[in-house]
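Look at the structure shown below. The text then goes through what its atoms show, starting with how the two chains meet.

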Amino acid sequence: MTNKRLSVVVTGANRGIGLELVSQYLTDGWQVHSCCREPELATQLASLASNSALSIHQLDVGNPDSVENLGLALSEHSIDLLINNAGIYGGERQSFGDIDYEQWARVLNVNTLGPYRVSTALADQVENSERRLIVNVSSTMGSIEQYASGGHYIYRSSKTALNMVTVNLAHDLRSRGITVLSVHPGWVRTDMGGSSADISTPTSATGLRQLIDDVSIVDSGRFFSWDGSPLPW
Amino acid sequence: MPSVLITGASRGLGREFARQYAYAGWTVHAGVRNLHQRSAIEELQHEQIICHQLDVAKHDQILSVNTELAQEPIDLLINNAGFWLGKDEHYGRCDDARWMEEFRVHMFGTMAMCESFVQQVAASKRKLIVNISSGNGSLALENGIGDYPYNTSKAGLNLITKGLAADLKQRGITVVCFTPGFVATDMSGPDADLTPHESVSAMRAIIDTLGPEQTGTFLRYNGETVPW
């Protein structure tokens with residue numbers, strides 16, 4: 001064991017699973033770089049800021065300049081774990097016959113290109129760390145195998161495409177010792193998941209942290225549920 | 001006779017589909033991106049082939065072809081239009097705008113064609129939609145790995161195929177996606193395994209046998225199932 005504090009970058013850290021992961025990693029003694037679009041509105045995140053291990057960064061993963069700025073801000077840090085959690089659902093018009101194509105482009109830019117951008121911007125810092133992990137927060141809604149009901153085309157396709165980003169990044173970063181995963185956080189009681197969802201955010205985040213502790217490079221390019229079980233593409 | 005609407009019909013697999021269905025006696029509606037490009041259209045000269053100006057990334061063009069064909073049952077819609085950006089779109093070098101263009105053609109174009117022509121397909125006898133995907137869109141196979149825009153847009157197309165299969169089941173429409181194999185076209189270059197004639201002949205034989213039991217599947221040109 002090294003005495004050096006482990007560090008994590010969490011995108012979309014102002015609420016939901018992102019916020020819970022920030023909180024739990026802080027409790028665990030990690031250095032946490034939290035990122036969100038509007039830090040001035042992130043009151044819950046700000047309430048954790050008395051902990052000197054937390055830094056807050058403005059980041060819009062849909063904006064290449066914003067991602068580049070984050071890379072510059074963190075250029076001197078090593079990053080053990082990058083959690084690409086930022087994502088959007090894309091509104092109601094996702095059904096056959098009523099697809100909002102401009103919204104679709106926007107969702108793909110954030111949910112699919114966003115994690116690719118942040119991963120490439122921070123890959124050097126991840127490579128220079130002890131753990132060398134990139135975790136893309138996907139969803140079983142992106143599983144083609146499990147897609148039996150139709151609808152939700154925008155969100156689902158963005159997560160399928162994100163899973164393909166995971167597979168490609170795993171391949172491209174393997175020689176640098178970096179493990180890349182897609183994870184399904186569960187159907188979580190968040191703003192996106194709604195109040196009737198299956199599990200609480202602490203349950204999901206605890207499960208994800210355990211999974212993240214357990215994986216190694218042989219798992220790179222795979223898709224796991226929050227409880228550690230493998231998922232089909 | 002049955003009728004087929006094919007996107008991206010001016011060259012490669014699309015042109016071969018048009019040629020073979022025309023010679024088999026089908027009415028062929030060939031969507032081409034540039035109706036004024038004589039070389040492409042001359043290749044398609046056959047009394048059974050009707051060419052239409054159709055860039056699937058342009059919704060107004062889809063709408064206009066749909067208006068022309070409003071009363072025509074379409075037995076088979078082949079969403080074939082697609083492109084490949086080339087070898088530059090790899091790690092650290094992907095261009096955002098070009099990546100989004102792959103999404104617009106492969107995913108949005110296919111969805112917009114299906115949304116637009118669903119009535120004509122539902123009004124036909126065969127009721128088939130075939131999306132031309134790629135083995136590079138398989139998450140499990142990891143073919144052609146490293147090409148982020150192409151691989152992600154084809155994986156997304158496969159997801160769309162599965163969703164369409166569920167959404168259009170009640171209307172009796174069968175939707176599948178194909179990997180056509182590694183075919184010698186302008187896109188893939190000369191090092192390929194199959195000629196367009198071989199690939200399209202094989203896919204036509206499979207398409208002839210398709211019914212509701214196959215809906216939502218990912219098939220190789222020879223009918224084998226491909227993993228997602």
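In this predicted model, 43 residues of chain B are in contact with 44 residues of chain A, where contact means heavy atoms within 4.5 Å. Together, chain B and chain A bury about 3500 Å², and 73% of that is on carbon and sulfur atoms. Buried area here is the accessible area (1.4 Å probe) that two parts lose on being put together, summed over both. On the side of chain B, the residues that lose the most area to chain A are B:Tyr91, B:Leu139 and B:Leu159, together 22% of what that side buries.

The C-alpha trace of chain A spans about 55 × 40 × 35 Å along its principal axes.

Of the contacts in chain A with a separation of 6 or more, 66% are between residues 24 or more positions apart.

Residues are numbered from 1 along each chain as its sequence is written, and chains are lettered from A and ligands numbered from 1 in the order in which they are written. Local features need pLDDT of at least 70, side-chain atom pairs count only at pLDDT 80 or more, and totals for chains, interfaces and linings use all residues, while side-chain values use heavy atoms, with hydrogens and water left out.
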